[in-house]
Amino acid sequence: MNPTSLFGLPEQAAHERVLLATDPATGLKAILAVHSTARGPAFGGCRLWHYDSELAALNDALRLSQGMSLKNALADLPFGGGKAVILKPEGSFDRPALFAAFGRAVQSLQGAYITAEDVGTTTADMRGMQAVTSYVSGIPREGAFGGDPSPKTAWGVFVAIQAGARLVLGRPSLDGVRVALQGLGAVGWHLAEFLHKAGARLVVADVDAGKVERAVAQFGAAPASVADILAADVDVLAPCALGASLNEQTVPAIRAKLIAGAANNQLATAADGDALQRRGICYLPDYLVNAGGIISVAREYRGEGEEAAVMAEVGKIAERVEELLQRVQKADSTPARVADDWARSKLVRQG
């Protein structure tokens, strides 16, 4: 799906800024999308990925940056939404030089956008950028809070699944609850650890067969193919891979009654959320449940980070799940549409 405008998504307000940055010396081709600075500087990670086309990369940047505005607003963070994607160069490339060039592009926005790691990028990449820009977070610091936000993202998804299991499935705990995990990357693996410790029964899939084998050995998980995981016979589906996995092809086959995962932009379209609702499946919007990572890097960036306090703040995602479901009942609408309205009501200029 490609955007019909270079400035924003179809039927949505235009983004505030979209910067195309290139650097022939390093092979950098990056898109930095600033969706909204209404609540403060745009904050969101940087993704390094192979895209089928430059338009596909643009569409990803626009969708992800808009999602960050909604995510940061629902989490009550003093930041707007932005995202960057780097088109991964073909063949070998000088990674530190590439990220230095990207850091210069971030610096050129003079604080309108703050970056951190995301799919395909690392804490080492972020640390390397510090030489050229201060608008970066998610960096390990000696004797201070900071670094890889993926455990915090996973914890937020975990507490959302706990809340959803109680409120939607009527299960007081996750003991014996069947959960299908699509993707065992950094966040997916941490989530598997939390779920296993809580007594959940896991079904797992990943493009990396080695990760699946590890999960089978470590968690007693049942393996599934990437093609079949979304239709697994489980109580909860946790999409933790790439976006748009919930679409008109996959929704009819889903057997879980609750969906809550770490992947961004899980719904291909809003209509897919409506289709889930018609099938009696409760979808907890990704930008509500996966906000733990941005909470972590935002607190680190502001110098407010402390492990216990940040974990407690991430834990409040469970309270927002409960509030969302209450709002859904009153509105007689879908969780995706209600969450969207709720988040946009918070996209106002801060005093």
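Here, contact means heavy atoms within 4.5 Å. This is a predicted model, in which local features need pLDDT of at least 70 and side-chain atom pairs count only at pLDDT 80 or more, while totals for chains, interfaces and linings use all residues. Residues are numbered from 1 along each chain as its sequence is written, and side-chain values use heavy atoms, with hydrogens and water left out.

**View 1. Helix H6 and its buried side.** Helices (H or I, at least four residues) and strands (E, at least two) are DSSP runs, numbered from the N terminus. Buried means under 20% relative accessible area, exposed over 50%, and partly exposed in between (1.4 Å probe, protein chains only). Helix H6 spans residues 209–219, and its buried residues are Val212, Ala215 and Phe219. They sit on the same side of H6 because they cover an arc of only 65° around the axis, taken from the directions from the helix axis to the C-beta atoms. An α-helix has 3.6 residues a turn, so residues three or four places apart point the same way. The buried residues of H6 pack against helix H5 (186–197), strand S8 (201–205) and strand S9 (222–223). Turned away from that side, you will find the exposed residues Glu213 and Ala217.

**View 2. The two ends of H6.** After H6 comes Gly220, with a positive phi near 65°.

**View 3. Strand S10 between its partners.** Two strands pair if DSSP finds at least two bridges between them. S10 (residues 236–239) pairs with S7 (residues 178–182) in the parallel sense over four bridges, and Ala180 stands opposite Leu237. Two bridges also join S10 to S11 (residues 258–259), again running parallel; here Leu237 stands opposite Ile259. Which residues cover the two faces of S10? Val236 and Ala238 lie on one side, Leu237 and Pro239 on the other, and all are buried.

**View 4. Cysteines without a bond.** The structure holds zero disulfides (pairs of cysteine sulfur atoms within 2.5 Å). For Cys282, the closest cysteine sulfur, in Cys240, is 16 Å away, too far for a bond. Cys282 is buried, with a relative accessible area of 10%, and Cys46 is buried at 0%.
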